[in-house]
Amino acid sequence: MNEFSIGSLSVAPGTRTAGTFPVARRGDGSVVGIPLVIIHGVEPGPVCCVDAGTHGDEHEGAHAILTLIKILEPTKLRGTFVGTMALNLPATEALQRGNPFDHWMGDLNRLFPGAEGGNLTQRIAHAYTEHIARDASLVISIHSGASYIYWSPLVMCGGHPPSIELAKALGHEWNIIGQSEGISGASHDVFAQRGIPAVAIEVGGAGERVLETFRRNVDLAAGAILNAMRHHAMIEGQPKRASSWTFVRNRAVRSGHGGLLVPVEDFPLRRHVRAGTLLMRMYDLFGEEIEEVRAPFDGLVMGFRSFPYSPPGWPLVWLSEITHTVRE
């Protein structure tokens with residue numbers, strides 16, 4: 001095994017290192033970059049890149065990577081683990097979805113593969129695509145529902161067969177696979193187009209950040225990465241595997257009015273509902289019921305808006321239309 005390098009960061013076999021891959025320089029001379037932790041094994045194997053903090057108000061992923069780097073032992077690792085807890089560091093520091101310094105084109109997960117001479121967010125995308133994860137064997141991006149959504153565990157990937165196989169390798173909790181919906185610039189789609197197996201996972205978000213439930217969602221994300229690493233023989237252990245996978249297309253059910261949201265008492269998260277099923281009621285600020293939110297088609301309820309107030313036209317429920325099921 002040789003040393004593994006990304007930019008100026010080099011790590012010998014059986015060791016780890018940490019540092020920042022520089023992207024740009026501020027006016028005071030300080031560097032804006034991507035913080036990395038690299039764990040390099042003693043035997044040859046895949047390069048697994050895991051990123052969190054694409055959106056700065058999605059916190060589960062950073063804690064999942066923190067869990068992983070505490071667990072992974074370089075002397076028992078085959079291949080290399082590369083993790084970043086804050087891919088979009090300016091957004092993470094601002095606790096915002098996008099980089100607050102980029103008023104135009106600031107959503108990192110719409111800008112891959114980025115541009116070397118673009119705005120700061122485009123440069124971050126370029127640095128990750130062309131330098132950090134360029135030679136990856138697999139890429140996993142951790143997302144959550146951010147400040148206003150709660151997501152039940154969901155894997156996002158396109159039709160790239162190796163990416164679908166990676167999705168299946170995440171474990172039995174991750175048996176619902178969302179097909180990409182033509183949103184350009186998502187990192188997992190860009191890496192898949194380059195032949196690198198890549199997925200994005202969604203879990204948690206606002207409304208589930210009390211300690212117990214936040215920890216559960218962090219463990220779900222970390223467990224998915226560890227299971228994929230076992231599947232690729234990077235670490236010891238028998239990987240878990242679902243017996244079947246449900247492929248879906250996600251659609252947002254939007255409000256017609258603005259008002260206060262009251263979900264039904266037995267809200268069917270992660271359950272199948274029939275078209276017409278009542279999901280939420282909306283009340284105006286005078287206490288009158290003004291809208292019933294019903295499922296417009298048969299599908300799985302995968303996420304919901306966790307803010308108790310919604311402006312007109314906002315997504316309230318993410319309902320997944322089942323396209324097909326694959327059995328082991």
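Trainee: Which residue forms a salt bridge with Glu-130, and how far apart are the closest N and O atoms?

Mentor: A salt bridge is a side-chain nitrogen of Lys or Arg within 4 Å of a carboxyl oxygen of Asp or Glu. Here Glu-130 pairs with Arg-194, with 2.8 Å between the closest N and O atoms. The pair links distant parts of the chain, 64 residues apart: Glu-130 is in helix α3 (residues 120–132) and Arg-194 in the loop between α5 and β10. This is a predicted model, in which local features need pLDDT of at least 70 and side-chain atom pairs count only at pLDDT 80 or more, while totals for chains, interfaces and linings use all residues. Residues are numbered from 1 along each chain as its sequence is written, and side-chain values use heavy atoms, with hydrogens and water left out.

Trainee: How many salt bridges does the structure hold?

Mentor: The structure holds 15. One of them joins Arg-134 and Asp-135, N to O at 3.5 Å. Arg-134 is partly exposed because its relative accessibility is 47%; Asp-135, at 56%, is exposed. Asp-266 and Arg-271 form another, with the closest N and O atoms 3.2 Å apart. In that pair Asp-266 is exposed at 55%, and Arg-271 is partly exposed at 36%.

Trainee: Which residues are linked in a network of salt bridges?

Mentor: Glu-165, Lys-168, Arg-241 and Glu-328 are linked in this way.

Trainee: How do I read a helix, and what span does α1 reach?

Mentor: Helices (H or I, at least four residues) and strands (E, at least two) are DSSP runs, numbered from the N terminus. The expected span of a helix is 1.5 Å times one less than its number of residues. Helix α1 covers residues 60–71, 12 residues in total, and reaches 17 Å from first C-alpha to last, close to the expected 16 Å. Its buried residues include Ala-62, Ile-65, Leu-68 and Ile-69.

Trainee: Which strand holds Val-262?

Mentor: Val-262 lies in strand β12, which spans residues 259–263 and also holds Leu-260. Val-262 has a relative accessible area of 41%, so it is partly exposed. Leu-260 is partly exposed too, at 36%. Arg-274 is 12 residues from Val-262 along the chain, and their C-alpha atoms are separated by 20 Å.

Notes
Buried < 20%, exposed > 50% of the residue type's maximum accessible area, 1.4 Å probe, protein only.
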